[in-house]
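This report covers helix packing and pockets. Please look over the model before reading on.

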Amino acid sequence: MDKPFDLAPYPLCEYFLSGYLSKNTDHDNFPPEKFPALFDKYEQVFQRGLTVLGTTKEALKRRSEFSFDSGDAGNLESGIALLRVVQLLRISHFQNIALVTPPKNASGADLIGEKNGEKVCIEVKALTKLSASRTDEFMEAQLYRKILDNISKVASQLAATAAQMHSTVRLFVCVLNWFDQSIYFNEGDFQGIVDKLERNEEQESLTGIDGVWFLTSAGNHTLFLNERGKSIDQPTSGFAVSR
């Protein structure tokens with residue numbers, strides 16, 4: 001920040017963000033004109049995350065996903081996105097939500113939870129403000145390309161955790177911090193992205209993924225499930241990848 005802001009009224013923000021803000025003048029994520037309301041929101045994100053996960057602030061910060069002292073904006077956005085998804089799972093009636101700790105020197109999904117008797121593993125990818133999209137493409141193509149670049153890794157991480165924790169449903173949550181797509185996209189636009197991923201036979205993009213969930217920066221969310229995924233919910237719409 002350009003000048004210090006008193007974080008004392010926001011003890012969790014002070015604990016998690018003071019190191020970050022001392023090293024990074026980040027007007028994208030911390031525009032001064034949005035103080036202090038912005039810190040109210042961050043405080044709620046941290047508090048709700050700790051409550052749902054049933055952990056302490058010290059234990060959470062020991063995980064690299066939530067240690068922001070390096071000043072890395074991408075790490076900050078990814079960590080906050082993960083906490084936002086924890087809250088999304090809670091309000092969507094998931095139970096026993098927990099962070100996943102993969103085996104040593106192995107990758108895995110981010111979260112595990114339960115719903116309707118199914119154990120669900122969840123991988124979260126944040127499309128951060130710093131992950132530039134191609135300005136020479138339409139907004140739909142920008143989002144599709146970015147997801148396609150990550151989808152094989154997502155499927156691999158979900159498969160690893162499904163095997164480790166015996167989960168039966170695998171979800172990919174895309175947290176969209178890009179402004180234009182967050183504001184202008186509707187359910188049909190997101191359905192178009194999922195349809196295009198489904199049709200991508202060359203990469204079999206949705207193989208091993210039972211649901212695609214979009215969460216925008218505005219807090220709106222849209223869920224698409226295949227037949228296996230429908231065991232946990234009645235989605236807005238679906239896709240028909242066979243398993």
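Which strand and which helix each supply at least two residues of the lining of the second largest pocket? Strand S3 (118-127) and H5 do.

## Basis

The model is predicted: local features need pLDDT of at least 70, side-chain atom pairs count only at pLDDT 80 or more, and totals for chains, interfaces and linings use all residues. Residues are numbered from 1 along each chain as its sequence is written, and side-chain values use heavy atoms, without hydrogens and water. Helices (H or I, at least four residues) and strands (E, at least two) are DSSP runs, numbered from the N terminus.

## Second largest pocket

This pocket holds about 260 Å³ of space. Of its 13 lining residues, Arg 63, Glu 65, Pro 102, Gly 108 and Asp 110 are closest to the centre. The lining has 3 nonpolar, 4 polar and 6 charged residues. Ala, Val, Leu, Ile, Met, Phe, Trp, Tyr, Cys and Pro count as nonpolar, Asp, Glu, Lys and Arg as charged, and the others, Gly among them, as polar.

A pocket is an open set of points on a 1 Å grid over the protein atoms alone, where a 1.4 Å probe fits, with protein on both sides within 12 Å along at least five of seven lines; lining residues have an atom within 4 Å of a point. A volume is the space filled by probe spheres set on the points.

## Largest pocket

The volume here is about 1200 Å³. The lining counts 38 residues, and Arg 84, Lys 129, Asn 177, Ser 217 and Ala 218 lie nearest the centre. H2, helix H4 (73-91), helix H5 (139-165) and helix H6 (179-184) each give two or more residues. H4 gives the most, with 9. By class, the lining has 19 nonpolar, 11 polar and 8 charged residues.

## H1 against H2

Helix H1 (residues 11-23) and helix H2 (residues 37-53) have axes that come within 8 Å and cross at roughly 115°. Axes are lines fitted to C-alpha atoms, for helices over the stretch in contact, and angles run from 0 to 180 degrees between N-to-C directions. H1 and H2 are therefore roughly perpendicular (65 to 115 degrees). Contact (heavy atoms within 4.5 Å) involves Phe 16 and Leu 17 of H1 and Phe 39 and Tyr 42 of H2, among others. The contact has 10 nonpolar, 1 polar and 1 charged residues.

## H5 against H7

The axes of H5 and helix H7 (residues 187-199) come within 10 Å and cross at roughly 45°. Residues in contact include Leu 143 and Ile 147 of H5 and Phe 190 and Ile 193 of H7. By class, this contact has 7 nonpolar, no polar and 3 charged residues.

Definitions and conventions
Angles under 35 degrees count as roughly parallel, over 145 as roughly antiparallel, 65 to 115 as roughly perpendicular and the rest as oblique.
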